[in-house]
Amino acid sequence: MKTSLNVPGCIASHEGHSDVSAKAVGFASYSNLHYYWTSSPGNMKLSSIVEGEEQLSVWSGYFNKTLHERQDQLSLAFPHIDPAILEGGGLSNSVADVMVENCIGTLGMPMGVAPTFFINGVHYVVPMAVEEPSVIAAASGAAKLIAASGGFVSQSTPNVMTGQIQILDISDAEEACRLIVAQRQSLIDTANTFCASMQKRGGGVVNLEPRVVEQRNPERRCQKFIVVHIYMDVCESMGANVVNTVAEGLSPSLIALVGGRVGLRILSNLCLERRSKTSFRIPFSQLMWKGTDGAVVANRIVEAYEFAEADPFRASTHNKGIMNGMDAVALATGQDWRAIEAAGHAYACRNGYYGSITSYEIDGDFLVGSLEMPIAVGTKGGALHTHPAYKFTHALLGNPSAQTLAQIILSVGLAQNFAALRALAIEGIQKGHMSLHARNIAVAAGVSSDLVPEVAMYMVVRGSVNVATACEYLEAHKLMSDLYAKAPCAIRESIPSTFHITVCNTSVNGNDLSLNVALPTLANNSPVHVVLKEGHPSHPLQDALLGPKKGVAWLSSVYSSLEQTELILLEPPRWNVKLIKKLKLACVASNLIAYNLMRTFPNQTRKCLNSILQIGKSDPRLVIKAMNDAHYDPVLAVGLPLLYALAQMFDYNVEQFVQKKLLAHSLRAEFRDMVTCLADHPLKGCVADPSLSDDELLAELMSSGHYKRWPATLFLLCDSLSINLSMLTAERIDHLHRLGSYFSFEAMFAHDFAKYDRDQAAGSVCNIYKRFLDIRRLVHSSLTLRRYWDTANVICERERVSIMKMQHSETLLDVERFLETSQKVRAHYGAPPTR
């Protein structure tokens, strides 16, 4: 479950400063506890482990549920509590106003649960309030693994807090200490008069001990003062207020006994007499992770712990990670997390240096982890009875005693630390963290809560976790949602699949050109995210969609080759260059994917291409429904919806952004011509008269529509969007068609020459050079190749001369320079240049 917990917000009217040095803490006198640990159940029996696994199975997949589904499950598991109390953070402004000074409202904090903790044989669903992603998931995942090995074994001392009374201006500190020790019982009795109600509940002052402290200031080093430690059992409370009351009440009696001047009277958060300890044992056989052997995992975790123990720079981050888990539980249950942190960090200096709070060791074939530290928590008093959400969280934990709550908090801290060390030592912390960090980025990008999981998943798959990537997904998702608003529920409710391309060496305002398409995920299929980007692992479907061993580098080279079919304007472009290039990239992707699917799945692909030809005339929802009902194999289940989505994206952008009807009509017509060429293979159906001359024969074969495979005209029409619409006349659009056809002729003559061997081996692939040889009943040789190129040059030169005659009327385009670029395409395919 994840909801929010509100804490009071206020404006401070003063500032305070403090300076605490870990070296100021004296541990020498406190090497032994004055009280025994509470009893431990020892190792868990096998029956307990089996029972624990059954209890945990109820919470399997809890992460994947919606917030309301999690609340519903919580209500079923804990019928005595009502998650509705957490709505709005569980704290009203009127209650907050009496909790703190200068209150101006409340501050929300996400609250979730870690449902997999087994501590001393008891199952706990632990509430955690934290804004940082991955904390709850890491602790819960680690606890589940530990539960399978018997869970945590935890112990606590009694709830004895330490109060301090400072006595200054003492001439003989050692003699004063002897007097205090001699009158210890009398002083204890006096102290207990200031906490009579606590004593009636079984608590009260249980011991008293003086210490001599030397000044650290070099100028006052010879001066000493006394600190009297009061040890008080505070029962189920945290105890700060009552300890302070006793310290202030007892101080006059001490001054009367030993003289001097009373200084500070305050509790100490380094409550060494109030400690808890938790530990676990996991066999190597259960520690295998991410393909790494369990023994290796165990040894690397120990190495990581030893790093923190040896180096304070590492120890500070190591211990902060422990506090990530402990603070989250403390905040959710209304504990003073600042006091817990202070005690933990001070205790980390107990050996004369700042080290790790946790410890790890290898015991035979087991990894043993433990965490022991002073911890003061309470289940009575303070804000626990004021904040409604705290009542809820304590009830969720079964209204634990203070000792049990301390053990729960430490167990979460140890689980958090184990998860962090394992991730750091085996794969690095970022891989797992970023998948959860992506959720925060999605929210920052304005993603609605229902879309956050799929946007986060998409960013992680892309390997690009940022607001821009989230916005790209939203843009593609909106287009898909608009087109399928009334599609069958199975399609609308499924998480979309995505197709992403980033083309290298093609800059748009200094950035790589990218295309992102969302497409429906068909029934009984999981979302698929195909990413074609340099440095990104290839997707299993990549070969099926683009062709064997053809990755993003090959796709970039194809696009760059086609990009040479670009209008060379005499004036700077006036429109969205990025959108123009995206439309071109959509054309290239459609062309290549359709070509490859036609080779492997001709019937199904042709049916999809025919549906594309009906865009604008037929209902797209019916098309997708038909695909949904067809039960395609994994390649077609992605490939065909992708083809249809690319075509729809192209058509949608033409409709939205191309205002000139003649240009919009031309763009759609050229796209349909490209699709028709891919679907029908017009070269196959062309019955040419063998009596025709070579140039007439080649011209007729090419004019069958074969040249439309190379979408030069489509590219030029896209480029024309940069021209002032008032100057984009019918004559100029016709001129673009002539230029595009010329370029497509040049390109397909060169392409089919270069691909002859491949197409000859394939047999069924259309190739104009191969068709020329078949009609002429010739065998491929250097002589037939020369004859083919001589004929192609005649056709291209004739068209070139015709176009150049129109040059005098063209004032926007540099036609001559454009025609020269056709030689680059020939060079790309290794074809001979025009003579």
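Hi everyone, let me start with a pair of helices: α19 passes α20 in a right-handed crossing. Before I go on, please keep in mind that this is a predicted model.

So where are these two helices? Helix α19 covers residues 552-563 and helix α20 covers residues 577-600. Their axes come within 11 Å and cross at roughly 120°. That angle makes α19 oblique to α20.

Now let's move to the sheets. One of them is an open sheet of 4 strands, in the order β4-β9-β11-β10, with antiparallel pairing. Which strands stand at the edges? They are β4, residues 153-156, and β10, residues 358-363. Each has a single partner strand, so one side of each is left without a neighbour in the sheet. From one strand to the next, the twist averages 15°.

Let's stay with β10 for a moment. Strand β10 is joined to β11, residues 366-374, by 6 bridges, and the two run antiparallel. You can follow the pairing residue by residue: Ile362 has Leu367 in β11 as its bridge partner, and Glu361 stands opposite Val368 in β11. The two strands form a hairpin with 2 residues between them, and in that hairpin Gly364 takes a positive phi near 65°.

Helix α9, residues 294-310, lies across β10 and β11 and runs at about 145° to β10. Helix α11, residues 337-347, lies across β9 and β11, and runs at about 115° to β11. For your orientation, β9 is residues 275-283.

On to another open sheet, again described strand by strand. Here 4 strands come in the order β6-β7-β5-β8, and the pairing is antiparallel. The edge strands are β6, at 204-214, and β8, at 261-268, and each pairs on one side only. Neighbouring strands of this sheet are turned by 20° against each other on average, direction ignored.

Inside that order, β5 and β7 are worth a look. Strand β5, residues 160-168, and strand β7, residues 224-233, run antiparallel and are joined by 8 bridges. As an example, Ile167 has Ile226 in β7 as its bridge partner. A helix lies across this sheet as well: α5, residues 173-182, lies across β6 and β7, running at about 170° to β6.

My last stop is helix α12, residues 388-396. How many of its 9 residues are buried? The count is 7, so the helix is largely enclosed by the rest of the structure. The buried residues in α12 are Ala389, Tyr390, Phe392, Thr393, His394, Ala395 and Leu396. And just after α12, you will find Gly398 with a positive phi of about 85°.

Conventions: Residues are numbered from 1 along each chain as its sequence is written. This is a predicted model: local features need pLDDT of at least 70, side-chain atom pairs count only at pLDDT 80 or more; totals for chains, interfaces and linings use all residues. Side-chain values use heavy atoms; hydrogens and water are left out. Two strands pair if DSSP finds at least two bridges between them. Axes are lines fitted to C-alpha atoms, for helices over the stretch in contact, and angles run from 0 to 180 degrees between N-to-C directions. Contact means heavy atoms within 4.5 Å. Angles under 35 degrees count as roughly parallel, over 145 as roughly antiparallel, 65 to 115 as roughly perpendicular and the rest as oblique. A crossing is left-handed if the near helix is turned anticlockwise from the far one by less than a right angle, and right-handed if clockwise. Buried means under 20% relative accessible area, exposed over 50%, partly exposed in between (1.4 Å probe, protein chains only).
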